[in-house]
Amino acid sequence: MNKPPIWLNQTPDGKKFAAALLAALLLEIAALALIIPHLAKQPPPAQVPAVVKITIVAPPAPKPPPPAPKPPLPKPIVPSPPVAPPRPLPPPPPRPAAQHAARHFAPRHVTPPPQPAQPPAVPAPPTPPPLPVISQGEVDLFRLAMRAAVQSVADQVYPNGVQQGGAPVVSFDYKNGVISNIALVTSSGFTRLDAAAMQAVRIAPYPPEPDEFHGQAESVTVTVIFRAAVPSVDGD
């Protein structure tokens, strides 16, 4: 069985040992209390400054300039050999005298070529007389007479078997009693009535033109009216 430590014994020896141990601890604490303030007052150890080495590098010495080129040595002058003077050329041999044969030319008679005959002068064509001045009233009366002539034959060209009416518009040119350039301007909607209107322009008995209209071209537009009963004239 283990025995308890001696300072825990209640015997007189145990009490003495515990008292001695406590006294030793107190002495140690007091010693530390005296030493610590003394250590705090001591100056810190001196710091040794660091040594920095600086190396100075001297710049390279400049290179010496290259030596100047030596001047070329003069060439020795060699005298040229003397040149002999040119020899004179011998004179050319004399030419023989040219013999000129006498030539005789017989005169010739040259006949000049015949000149072309000048064509006879063509007289300028006579200036045509100025056209007579036609008043607008005369033009309107003549066109009205031509429209009446076309409408007068409308019943003759009216197609058989057609029961409807119509009013096609036809244009044509009139010059010196001749009709040309017949064209359908506006359709009536019925092909047979349009063809009948153009036929009426071809066979209409136009009145004789006045003397002032001779040589003049007139463009006429006429509306041919077809009715199932009686045709009539529409002077537009």
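Analyst: Phe17, Leu21 and Leu25 form a nonpolar patch on the surface. Together they have about 270 Å² of accessible area, by the Shrake-Rupley method with a 1.4 Å probe, where for residues only the protein chains shown count as cover. A patch takes residues with over 30% relative accessible area and no salt bridge; nonpolar side chains (Val, Leu, Ile, Met, Phe, Trp, Tyr) are joined within 5 Å, like charges within 9 Å. A salt bridge is a side-chain nitrogen of Lys or Arg within 4 Å of a carboxyl oxygen of Asp or Glu.

The model is predicted: local features need pLDDT of at least 70, side-chain atom pairs count only at pLDDT 80 or more, and totals for chains, interfaces and linings use all residues. Residues are numbered from 1 along each chain as its sequence is written, and side-chain values use heavy atoms, leaving out hydrogens and water.

Now look at Phe17. It lies in helix H1 (residues 12–41). Helices (H or I, at least four residues) and strands (E, at least two) are DSSP runs, numbered from the N terminus. Phe17 counts as partly exposed because its relative accessibility is 38%. Buried means under 20%, exposed over 50%, and partly exposed in between (1.4 Å probe, protein chains only).

Now the setting. The chain has 4 helices and 4 strands. From the N terminus they run α-α-α-β-β-α-β-β. Of its 236 residues, 17% count as buried. The accessible surface of the chain is about 20,700 Å². Carbon and sulfur atoms hold 66% of that surface.
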